[in-house]
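Subject: Structure handover and notes

Dear colleague,

I am passing on the structure below, together with some notes for a reader who has not seen it before.

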Amino acid sequence: MKILHLSDIHMGGGFAHGKIDPETGFNTRFQDFVKSLSRSIDRAISEPVDLVLFGGDAFPDATPAPYIQQAFAREFYRLVAANIPLVLLVGNHDRHAQGQGGASLSIYRSLGVPGTIVGDTIDTYTITTPSGDIQIITLPWIDRSTLLTREISASLSILEVNQLLLDKLQPRIEGEIRKLNPALPTIVLAHLMADNATLGAEKLLAVGRGFTIPLSFLTRDCFDYVALGHVHRHQNLNKTNDPAVVYPGSIERVDFSEEKEDKGFVMVTIEPTEQTEEQPASKNFETTWEFCPLPVREFRTIKIDVSESEQPQVDIEKAIAKVEIADVVVRLIYQLSPDRVELVNTAALHEALSAAHHYTIQAELISQLSRPRLPELGCSVGDPMVALSTYLENRPDLESIAKAMIAAANELMAGDRLSADLAADLVLLDIESSTDLEIDRSSPKDADAQLTLL
Ligand SMILES: [Mn+2]
């Protein structure tokens with residue numbers, strides 16, 4: 001049985017890196033995203049696969065413009081026309097702020113699109129494919145409002161809410177597992193932030209991440225593959241690969257935090273294991289999977305420090321000339337000392353970058369006085385409170401709120417109850433701008449496993 005697993009389409013996002021195509025009137029990044037989705041669907045049809053799983057986050061928000069909805073529907077309709085079943089999972093970007101349901105995707109259920117399931121609740125579906133039946137457990141994006149009442153969650157700290165959510169979620173998953181038919185292969189399709197670190201060990205990280213689900217919830221014997229969505233960097237979280245717990249990542253670069261990442265989808269194959277009387281296999285099915293990269297538009301950052309240079313203009317132009325920029329989304333960042341500003345000809349830089357698909361120029365002025373900015377901090381200060389105090393001592397303009405800031409920081413560090421509003425803001429933090437996090441601290445190989453959440 002062959003399955004195509006893709007996620008985080010975010011169609012209609014990333015427009016800041018595109019331009020209007022004069023022929024179509026559309027943003028070129030919209031066309032790039034459509035192309036990537038179209039190539040994924042092409043592959044599903046040409047194989048052909050038995051099933052397509054979408055891991056959530058179809059659009060940047062739950063109310064995309066009609067032309068964006070239409071392009072999305074047109075691509076997925078090709079699967080319907082080819083009789084390939086499809087599960088559309090609801091991610092955090094697909095939900096309306098209020099209440100349940102995937103606002104942007106539920107239309108497909110309302111229409112009763114043949115062979116299409118919209119996963120907006122925790123549930124199990126048995127899907128009949130040309131290669132046999134398969135069970136799919138859907139686990140859409142979960143937050144406080146999914147499982148807790150407002151009254152309960154308002155009086156709890158972030159960590160308490162997280163723990164309570166996990167306490168509620170675990171029996172729901174167990175309930176779905178109990179319903180499974182062990183004679184059929186099973187995939188979990190989930191939109192979540194998985195974490196194999198011990199929860200609560202690093203309070204500050206937990207706050208920044210919002211709700212995370214321990215990897216142990218997903219690495220169960222009864223699952224043949226765990227199909228995830230949410231994190232834009234492709235990765236398999238389970239090193240034993242039994243089962244593989246895979247983020248295919250986004251199908252296009254949404255912003256510069258994804259500059260160095262490959263983009264694509266995952267092809268999954270599940271076959272019954274050969275059972276002989278002498279050697280009964282421990283599992284009924286064997287899963288293999290492969291990441292299939294897509295030819296997406298390149299992003300390049302050109303960063304150069306010319307703060308010491310006598311000829312900054314020449315140096316910047318040299319740095320640009322070294323990079324192939326045609327059709328690329330380029331970001332030029334140069335550091336300059338204020339006394340040399342007049343040595344840089346910005347018009348000439350625009351000219352030098354004009355072959356790029358899209359570019360931005362960012363000048364960072366480096367003050368001689370503030371370098372190094374806070375020498376007393378060095379790089380050995382481990383205590384965030386010491387760092388904050390030192391910072392505030394160097395910022396006389398913040399004196400009036402310094403005490404309040406330290407008090408608030410103390411409360412945060414101590415894990416005391418936050419005000420309900422602050423807690424709500426932090427838990428529901430929708431990380432739009434890129435946040436780099438290390439997920440697997442147990443293995444040095446993965447030290448660079450920086451995750452981008454969107
Ligand atoms: Mn998401």
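In what follows, helices and strands are DSSP runs, a helix having at least four residues and a strand at least two, and they are numbered from the N terminus. Please bear in mind that this is a predicted model.

Leaving out residues up to four places away in sequence, Ala 103 touches Ala 62, Thr 63, Asp 94, Arg 95 and His 96. Asp 61 is 42 residues from Ala 103 in sequence, yet their C-alpha atoms are 9.4 Å apart in space.

Just after α2 comes Asn 83, which takes a positive phi of about 60 degrees and is a residue other than glycine. Asn 83 sits in the loop between α2 (66–81) and β3 (86–89), and it is exposed, because 11 other C-beta atoms lie within 10 Å.

The same check can be made on helix α6 (residues 158–179), whose 22 residues should span 32 Å at 1.5 Å a residue; the end C-alpha atoms are 32 Å apart, which agrees. Where do the buried residues of α6 lie around the axis? They are Ile 158, Val 161, Asn 162 and Leu 165, and they cover an arc of only 85 degrees, which means that they are on the same side of α6. As background, an α-helix has 3.6 residues a turn, so residues three or four places apart point the same way. The face of α6 turned away from its buried side carries the exposed residues Asp 167, Pro 171, Glu 174, Gly 175 and Arg 178.

Among the strands, β15 (residues 299–305) and β16 pair in the parallel sense over seven bridges, and within this pairing Thr 301 has Arg 331 in β16 as its bridge partner. The chain passes from β15 through α8 to β16, and this β-α-β crossover is right-handed. In the loop between α8 (312–321) and β16 (329–336) lies Asp 327, which has a positive phi of about 65 degrees although it is not a glycine. Asp 327 counts as exposed, because it has 12 C-beta neighbours inside 10 Å.

Finally, two peptide bonds deserve a look. A cis peptide bond joins Glu 47 and Pro 48, with omega at about -15 degrees, and Pro 48 is found in the loop between α1 (28–46) and β2 (51–54). The peptide bond from Asp 242 to Pro 243 is also cis, with omega near 0 degrees, and Pro 243 has its place in the loop between β11 (235–236) and β12 (245–247).

Technical notes. Residues numbered from 1 in each chain as written. Predicted model: local features only at pLDDT ≥ 70, side-chain atom pairs only at ≥ 80, totals over all residues. Buried ≥ 20, exposed ≤ 12 C-beta atoms within 10 Å, placed from the backbone. Pairing = 2+ DSSP bridges. Right-handed = clockwise from strand over helix to strand, strands pointing away. Expected span 1.5 Å × (residues − 1). Arc of directions from axis to C-beta. Contact = placed C-beta atoms within 7 Å.
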